[in-house]
Amino acid sequence: MKLKKGILVTFEGGEGCGKSTHVNLLKDYLEDKGFKVLVIREPGGTKTGEKLRKILLEGKSKISSLTELFLFLASRRELIIKVIEPALKQNKIIICDRFIDSTVAYQGYARGINIELVSKLNDLVVGKKALPDITFILDTNKHLGFKSKGEDRIEVEDKSFHKRVREGYLEIAQKASSRVKVINVDDKIVDIQKKIRIIVNESLTKFKV
Ligand code: TMP
């Protein structure tokens, strides 16, 4: 199966919403259909990005919200230049676990950095070539993210932080409804995946050779 252009599909959502399960199920499905698929995640995916991921998530010392923002953006820039743009040129389907909307939801809505500023910085880092074609927000109102003994710096944030992340995502979806689809994840995995595949297939028909 050939495509006229590379396609970027992103998965978003709060902690423990099942992103990696659905990323992998979609990858297998698309590969079975004959597409070339690349799965990546943020932060990370490059040598520098993986180092930044460690600083961002494993570090125990406090960092300021702006420092956090710039480190996520730095990891993104590396991923775009070194991985996403080359893969788009090869007409691959790229499935990215978290992308620009994570920064708006977490650093913007939840940390409280000005949303417009976060969006502008996202635009600067992403440019015009690497905008997502489809974004899935995996949503639940069961604040799965909140773990009192969470494993990383962001998971351990309190319930109100994770509530703001969710509200942020829902606002993003409202503002960009043609790109962003909210999928409720309280259903069975097979049913959720079915919904995802229907949306991806609809979108792919536009890009097939
Ligand atoms: P995860 O991909 O395993 O969920 O871990 C990534 C964590 O980093 C998650 O808590 C969300 C957070 N994050 C941000 O706060 N801003 C960002 O821009 C990105 C990509 C992730």
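Colleague: Within how many Å do the axes of H4 and helix H6 (residues 159–175) come, and at roughly what angle do they cross?

Modeller: The model is predicted, and local features need pLDDT of at least 70, side-chain atom pairs count only at pLDDT 80 or more, while totals for chains, interfaces and linings use all residues. Residues are numbered from 1 along each chain as its sequence is written, and side-chain values use heavy atoms, with hydrogens and water left out. Helices (H or I, at least four residues) and strands (E, at least two) are DSSP runs, numbered from the N terminus. Axes are lines fitted to C-alpha atoms, for helices over the stretch in contact, and angles run from 0 to 180 degrees between N-to-C directions. Here the axes of H4 and H6 come within 8 Å and cross at roughly 130°.

Colleague: What orientation do H4 and H6 have to each other?

Modeller: Angles under 35 degrees count as roughly parallel, over 145 as roughly antiparallel, 65 to 115 as roughly perpendicular and the rest as oblique. H4 and H6 are therefore oblique to each other.

Colleague: Is the crossing of H4 and H6 left-handed or right-handed?

Modeller: A crossing is left-handed if the near helix is turned anticlockwise from the far one by less than a right angle, and right-handed if clockwise. The crossing of H4 and H6 is right-handed.

Colleague: Which residues of H4 and H6 meet?

Modeller: Contact means heavy atoms within 4.5 Å. On the H4 side, the residues include Val104, Tyr106 and Tyr109; among their partners in H6 are Phe161, Tyr169 and Ile172. For classes, Ala, Val, Leu, Ile, Met, Phe, Trp, Tyr, Cys and Pro count as nonpolar, Asp, Glu, Lys and Arg as charged, and the others, Gly among them, as polar. This contact has nine nonpolar, two polar and four charged residues.

Colleague: How does H4 pass helix H5 (residues 115–126)?

Modeller: The axes of H4 and H5 come within 9 Å and cross at roughly 150°. That makes H4 roughly antiparallel to H5, and the crossing is right-handed. Ile100, Thr103, Val104, Gly108 and Tyr109 of H4 make the contact with Ile115, Val118, Ser119, Asn122 and Val126 of H5. By class, six are nonpolar, four polar and none charged.

Colleague: What is the arrangement of H2 and H3?

Modeller: Their axes come within 9 Å and cross at roughly 160°. H2 and H3 are therefore roughly antiparallel to each other, and their crossing is left-handed. The contact includes Leu52 and Ile55 of H2 and Leu71 and Phe72 of H3.

Colleague: Which residues lie nearest the centre of the largest pocket?

Modeller: On a 1 Å grid over the protein atoms alone, a pocket is an open set of points where a 1.4 Å probe fits, with protein on both sides within 12 Å along at least five of seven lines; lining residues have an atom within 4 Å of a point. Of the 26 lining residues, Glu15, Lys19, Arg53, Arg98 and Asp152 lie nearest the centre. H4 gives the most to the lining, with four residues. The lining comprises seven nonpolar, seven polar and 12 charged residues.

Colleague: Where does proline 43 lie, and what kind of peptide bond joins glutamate 42 and proline 43?

Modeller: Proline 43 lies in the loop between strand E2 (37–41) and H2. The bond that joins glutamate 42 and proline 43 is cis, with omega about -10°.
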